[in-house]
Amino acid sequence: MQEFDIVVIGGGPGGLAAAYGLHARGMNVAVVEKDLWGGTCPNRGCDPKKILMAAVETQGRSEALRGHGLSGVPQLDWPALMAAKRAYTEKIPDGTHSGLQAAGITTFHGEASFNADGTLTVGDNQLNAANWIIATGQEPRLPQIDGQEWLRTSNEFLDLDNLPEDITLMGAGYVGVELAAIANAAGSQVHLIHHSDRPLRAFDGDLVSDLLDRLKANGIDVQLNTEITQVAPADDQYRVTTANGQSWTTGMVFATAGRMPVTAGLQLDRVDVATTAHGIKVDGTLRTTNPHIFALGDVVDRPQPKLTPVAGFEGRYLTETLTTCDAPAIKYPVIPSVVYGKTQLAQLGVTTAQALAEPEKYRVSDLDLTHWYSYQRIQDPQARIKVVIDKSTAHIVGAAVLSSEAEQVINYLDFVIQNHMGPADISQTIMAYPTLASDLTYFN
C-alpha cells in the first residue's frame, strides 16, 4: 500500500493545477491518468481544434475582403493542417508526464477504481490518501441508434488523415457547430442535424439564429427539428436516415450531441460518492458526499460552463481549500463562452434571457455593429452585440456577441465586468485607436 496526502485522479488541466499547487504547498501528491497525459483539451479538444480553426478564421477574413483589396481566397490544405496540429499534440503526453516527474510528483498510468475500504486500485498498485480529487472530465456521448457502431466522435475528427468530401454531424452544440465550420472551410459538404429548433440553448436565441444563417450562407446543410435514426454502411460510405424520412449517403457520421462525465469504472458507489446524469455532486467547497473526496472540472454537476479555464480555477481553489482552515465556498468570476468559426458567438455574465425576465433591474441594448468602423474595415458580414446593463449602476453586467471578432470583444468586456468599470471608468481609459477595445465606450 502506497500512502499519499492527496491523490488526483485525472491528469488534465484541472487535475494538474491542483497537483502542482498542492505539491508546492508541501503535500505528498500522486496523479493517476488512464489515457493521455494532459487531458482532453491539449490532446483532442480545445487546443488542436483552435489550431485547425486558425486556418478557418484566416480563410473567412480573406473571403470577406475579396474585392476590397484582396483577390483570391486561400484554400485549406488538410494534410498540412493536420501535420501542424500533430506537431503540437504529439508532444503533449510525454511533456506533461515528464513535467510531473521532474517536479517530484508521483504518477500512475491505468484504470482507477475505489475499493470498499476507501483505498484505490490502479493496475497492480494499491493507493491510500488522506484526501482524493476526482478530475476525470468528460468524453463524447454516443446516441443509442441503429448503426451506433459506425459513428465517430470529435476525437477521430481532430486526427483525420483525410477529410471526406461529405460528412454528417449529429448535434448542433459547441462541438457540432465548430466541426461543421472546419469541415466546410476545408471543402466538405456538411450536414448538421439537430433534434430541436433551438441549438446552443445557453446562448441568446436571436444571435444563434443569426449564426445558423451564416452557416447556411457558407453552404452548410442545417437541419433542425429532426434526428438521425439509422446509420448503415453503403459500399465505402454510409447511408443516413432521419426521423422525418430524409436519407442521404455520406463519407462519415460524427456524434456531436454532447459529452458525458467520465465516472464509469471508478466504483464511486463503494465510497458513497453521489452522482447524477450530469456528473458528480459537490457542495460549495467542491467536496462530494464523501468528506474525503473532492471533484473538479467537467466531471462535476454544476451550472458553470464545462471549460478548461474553469477546471483550472477550481484546481487552484482546491489548493487553497486543502491547505487552509475554514476555506470559504468557491466563488466564480464571470465566465466567457465562445463558439468558434468564421463567425464567432460569445457570451458572458448576465444573459439576455435573465435580463428580459427582470426588466425592472436590467436593460438590454441591441446594437448592429456591422457598419461600425471596426467591422466595416474588415468587411465583417454580420456583427451584432447585445449588452446587458444594470439600471441602478449603469454598469455592463453581461453581453452576447456575434462577429468574426467576438472572442476579442468578449474578453475586453470580461475585464470591464470583473473590475466593475462603469461608463466613467471606461471613458477615462485611453485605448489604442482604432481598435475593438476603443469601441467599449460606445456600448453603454
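This is a predicted model: local features need pLDDT of at least 70, side-chain atom pairs count only at pLDDT 80 or more; totals for chains, interfaces and linings use all residues.
Residues are numbered from 1 along each chain as its sequence is written, and side-chain values use heavy atoms, with hydrogens and water left out.

**Around Thr352**

- You'll find Thr352 in helix H10, which covers residues 352-357; helices (H or I, at least four residues) and strands (E, at least two) are DSSP runs, numbered from the N terminus.
- Is Thr352 buried or exposed? Thr352 counts as buried because its relative accessibility is 8% (buried means under 20% relative accessible area, exposed over 50%, partly exposed in between, with a 1.4 Å probe and protein chains only).
- If you skip the neighbours within four places in sequence, Thr352 is in contact with Asp204, Val364, Lys386 and Val388, where contact means heavy atoms within 4.5 Å.

**Cysteines**

- How many disulfides does a search of the whole structure find? The search turns up 1, and a disulfide here is a pair of cysteine sulfur atoms within 2.5 Å.
- The partners are Cys41 and Cys46, with their sulfur atoms 1.9 Å apart.
- The torsion about the S-S bond of Cys41 and Cys46 is about -125 degrees, so this disulfide is left-handed.
- Cys41 is buried at 9% relative accessibility, while Cys46 is partly exposed at 27%.
- Cys325 is exposed, with a relative accessible area of 71%.

**The sheet with 5 strands**

- Here 5 strands make an open sheet, in the order E19-E20-E23-E22-E21, and the pairing is antiparallel; two strands pair if DSSP finds at least two bridges between them.
- At the edges stand strand E19 (337-339) and strand E21 (362-368); each has a single partner strand, so one side of each is left without a neighbour in the sheet.
- On average, neighbouring strands of this sheet are turned by 10 degrees against each other, direction ignored (axes are lines fitted to C-alpha atoms, for helices over the stretch in contact, and angles run from 0 to 180 degrees between N-to-C directions).
- Strand E22 (residues 384-390) and strand E23 (residues 396-403) run antiparallel and are joined by 6 bridges.
- Which residue in E23 is the bridge partner of Arg384? That partner is Leu402.

**The sheet with 3 strands**

- Another open sheet has 3 strands in the order E11-E12-E13, again with antiparallel pairing.
- Its edges are strand E11 (228-234) and strand E13 (247-250), each with a single partner strand, so one side of each has no neighbour in the sheet.
- From one strand to the next, the twist averages 25 degrees.
- E11 is joined to strand E12 (residues 237-242) by 6 bridges, and the two run antiparallel.
- Opposite Gln230 you'll see Thr241 in E12.

**Around Val253**

- Val253 is part of strand E14 (residues 252-255), and Val253 is buried, with a relative accessible area of 0%.
- Leaving aside neighbours within four places in sequence, the contacts of Val253 include Trp150, Met170, Ile228 and Val240.
- Val253 and Gln237 are 16 residues apart along the chain, and their C-alpha atoms are separated by 9.5 Å.

**Aromatic rings**

- The count comes to 9 aromatic pairs; rings of Phe, Tyr and Trp (its six-membered ring) pair if their centres lie within 6.5 Å, and planes under 30 degrees apart count as stacked, over 60 as edge-to-face and the rest as tilted.
- Take Phe4 and Phe108: the ring centres are 6.0 Å apart and the planes are at 85 degrees, so the pair is edge-to-face.
- Phe4 lies in strand E1 (residues 2-9) and Phe108 in strand E3 (residues 106-109), so the pair ties together parts that are 104 residues apart in sequence.
- Phe4 is buried, with a relative accessible area of 8%, and Phe108 is buried at 8% relative accessibility.
- Tyr174 and Phe203 also form an edge-to-face pair, at 5.7 Å centre to centre and 70 degrees between the planes.
- This pair links distant parts of the chain, 29 residues apart: Tyr174 is in helix H7 (residues 174-185), and Phe203 is in the loop between strand E9 (189-193) and helix H8 (205-217).
- Tyr174 counts as partly exposed at 30% relative accessibility, whereas Phe203 counts as buried at 5%.
- Ring pairs also link Trp78, Phe157 and Phe254 into a cluster.
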